[in-house]
Amino acid sequence: MSLFFLFETAAGYALFEKLEFDEVSMTLPQMQKAISTMESFSRIVHLKAFSPFTTAEMSLENVTALAEGNVSEDLRTFLQDSLPKGTKKNPVGLAVSDSRLAKSISEGLQIQCRISDVITEVFRGIRTHFVKFLKNSEFGQSDLEKAQLGLGHAFSRRRVAMDVNRQDKHIIQSSALLELMDKNINTFCMRIKEWYGWHFPELARLIPDNTIYVKVANLIGDKANATDELVPQLEEIIGDGDLAQRVVDSAKTSMGQEIGETDLTAVNELSGRILSQIEFRTELQDYLLDRMNNVAPNLTALIGEGVGAKLISKAGSLVNLAKYPASTVQILGAEKALFRALKTKSNTPKYGLLYNSTFIGRAGAKDKGKISRFVANKCVLAARIDYFVVSQTTRFGEEMRRQVEDRLEFLASGKRSRRNIEVMDEVMAELKAENLYTEAADGEKKKKKKKKKKAEVAPEEVEAQVEEEAPRKKKKKKTEE
């Protein structure tokens with residue numbers, strides 16, 4: 001059997017022919033010793049054909065096809081022109097380093113491909129001595145390394161640009177940043193309340209909201225500045241005229257200590273930085289909402305952008321979330337509680353990140369597990385629709401949200417709701433009416449039921465079968481007796 005080796009490089013395709021070695025009898029240590037030097041390795045294989053890549057775009061297209069396990073047109077032409085046709089007495093085999101590429105070549109070109117540990121060592125030797133096989137003084141090892149480096153950068157850029165889940169990364173990062181900013185803002189607000197509270201302690205009791213407290217503290221500064229002329233500005237911030245007047249009255253009779261000019265400057269500087277962070281957090285929240293509406297509109301319509309982004313972040317990507325079963329999504333984020341319950345043999349958690357949604361809090365104590373399971377089921381369906389649908393729409397998510405609302409009403413009052421298949425059929429009918437729903441070309445359902453054909457048997461054959469079965473039954477009766 002003639003054996004050839006297909007070797008892919010950044011410079012082009014190379015085809016090597018086996019000279020002398022027995023793949024079955026030769027061991028790995030023997031092959032590793034044989035490939036150590038060019039002199040010994042040249043007795044095993046020799047270069048039969050080489051097809052260089054003429055442009056960088058050509059090399060990128062071919063390497064992209066190889067990474068996906070596909071046979072490009074250039075590779076097909078190279079194999080058809082360079083690989084000899086085998087015969088029954090002397091078949092031709094092709095050694096390939098990638099199993100997916102071997103399958104594609106076998107199916108597309110009808111060439112027998114082979115992969116083994118010894119063949120892998122031969123490829124290692126070819127990779128080591130490839131430049132010496134070319135025997136080209138103008139192309140050295142440094143030139144090959146430059147070609148590999150340039151192709152690697154171009155291939156990485158294309159893979160990042162073609163990543164279908166690349167928008168998930170922005171959602172994951174923005175969700176993590178929002179969570180971190182919430183912690184930092186709460187810490188800074190607690191610090192400024194404690195710091196400014198020595199000067200105006202009554203303000204924390206009148207205004208519990210952190211954002212409004214920081215704005216009021218930044219506006220008033222020294223409590224001696226809190227006069228009746230400041231009431232309109234305070235009313236604009238607080239939104240309540242009576243409360244604004246109470247703040248001014250409390251400042252006039254406050255029992256807090258006096259604050260120096262230097263200390264007041266530091267407090268105002270801190271409050272200004274907190275307000276800038278709060279403003280940036282609002283912009284980041286709007287950005288996350290826009291990203292979620294583009295990537296997962298149905299999941300956003302169902303459960304909101306905050307919880308939806310946390311689910312995607314915890315799963316790693318939208319495709320991972322779509323692959324999860326509903327039981328996994330239900331307790332996603334409560335892994336520690338789950339394993340602790342399994343270890344102590346106590347009750348497992350009923351919900352994880354889904355607890356942050358509004359549905360769980362609105363359900364009764366005995367119904368929280370039921371509504372959590374129902375919401376997890378709808379979240380998985382919404383994620384799968386968002387990932388696989390061609391034309392993005394929020395119709396499915398909006399109807400699923402109504403289904404959850406109906407489920408809450410059913411658990412509270414017992415009012416029956418519509419079946420899921422009826423709701424989905426209604427949404428699909430609306431989308432078809434608006435020309436927003438299109439089926440795939442091969443999406444027609446194939447009938448899997450096969451009708452069994454009754455074999456037509458002649459009457460003589462039936463009688464012969466009956467006569468043959470009759471004595472068998474008598475034999476069974478004799479044995480039983």
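Modeller: I shall start with helix α15 (residues 305-315), in which E305, V307, G308, A309, L311, I312 and A315 are buried. Buried here means under 20% relative accessible area, exposed means over 50%, and partly exposed lies in between, with a 1.4 Å probe and protein chains only. Helices (H or I, at least four residues) and strands (E, at least two) are DSSP runs, numbered from the N terminus. After α15 comes G316, which has a positive phi near 105 degrees.

This is a predicted model, so local features need pLDDT of at least 70 and side-chain atom pairs count only at pLDDT 80 or more, whereas totals for chains, interfaces and linings use all residues. Residues are numbered from 1 along each chain as its sequence is written, and side-chain values use heavy atoms, with hydrogens and water left out.

For the whole protein, the secondary structure comes to 23 helices and five strands. Of its 481 residues, 38% count as buried. The protein exposes about 29,900 Å², of which carbon and sulfur atoms supply 51%; such areas come from the Shrake-Rupley method with a 1.4 Å probe, and for residues only the protein chains shown count as cover. Contact means heavy atoms within 4.5 Å. Among contacts between residues at least 6 apart in sequence, 66% join residues at least 24 apart.

Strands of a sheet pair through backbone hydrogen bonds, either parallel or antiparallel. In this model an open sheet of five strands has the order β3-β2-β1-β4-β5, with mixed pairing; two strands pair if DSSP finds at least two bridges between them. Its edge strands, β3 (45-52) and β5 (112-114), each pair on one side only. Neighbouring strands of the sheet are turned against each other by 30 degrees on average, direction ignored. For such angles, axes are lines fitted to C-alpha atoms, for helices over the stretch in contact, and angles run from 0 to 180 degrees between N-to-C directions.

Let us cross the sheet from β3. Strand β2 (residues 12-18) pairs with β3 in the antiparallel sense over seven bridges, and K18 stands opposite V45 in β3. Five bridges join β2 to β1, again in antiparallel fashion; F7, for instance, has A14 in β2 as its bridge partner. A hairpin of three residues connects β1 to β2. Because six of the seven residues of β1 are buried, this strand is largely enclosed by the rest of the structure.

Towards β4 the pairing is parallel: β1 and β4 share four bridges. S2 stands opposite V92 in β4, and F5 has A95 in β4 as its bridge partner. Within β4, V92 and L94 point one way, G93 and A95 point the other way, and all are buried. Strand β4 also pairs with β5 in the parallel sense, over three bridges, with A95 opposite R114 in β5.

Helix α4 (residues 73-82) lies across β1 (2-8), β2, β3 and β4 (92-95), and runs at about 30 degrees to β2. Two packed helices are described by the angle between their axes and the distance between the axes. For α4 and α5, the angle is about 65 degrees and the axes are 12 Å apart. The crossing of α4 past α5 is right-handed: a crossing is left-handed if the near helix is turned anticlockwise from the far one by less than a right angle, and right-handed if clockwise. In this contact, L75, R76, L79 and Q80 of α4 meet L101, I105, G108 and L109 of α5. These residues divide into five nonpolar, two polar and one charged, where Ala, Val, Leu, Ile, Met, Phe, Trp, Tyr, Cys and Pro count as nonpolar, Asp, Glu, Lys and Arg as charged, and the others, Gly among them, as polar.

Finally, Q110 sits in the loop between α5 (99-109) and β5. Although Q110 is a residue other than glycine, its phi is positive, near 60 degrees. Q110 counts as exposed, because its relative accessibility is 65%.
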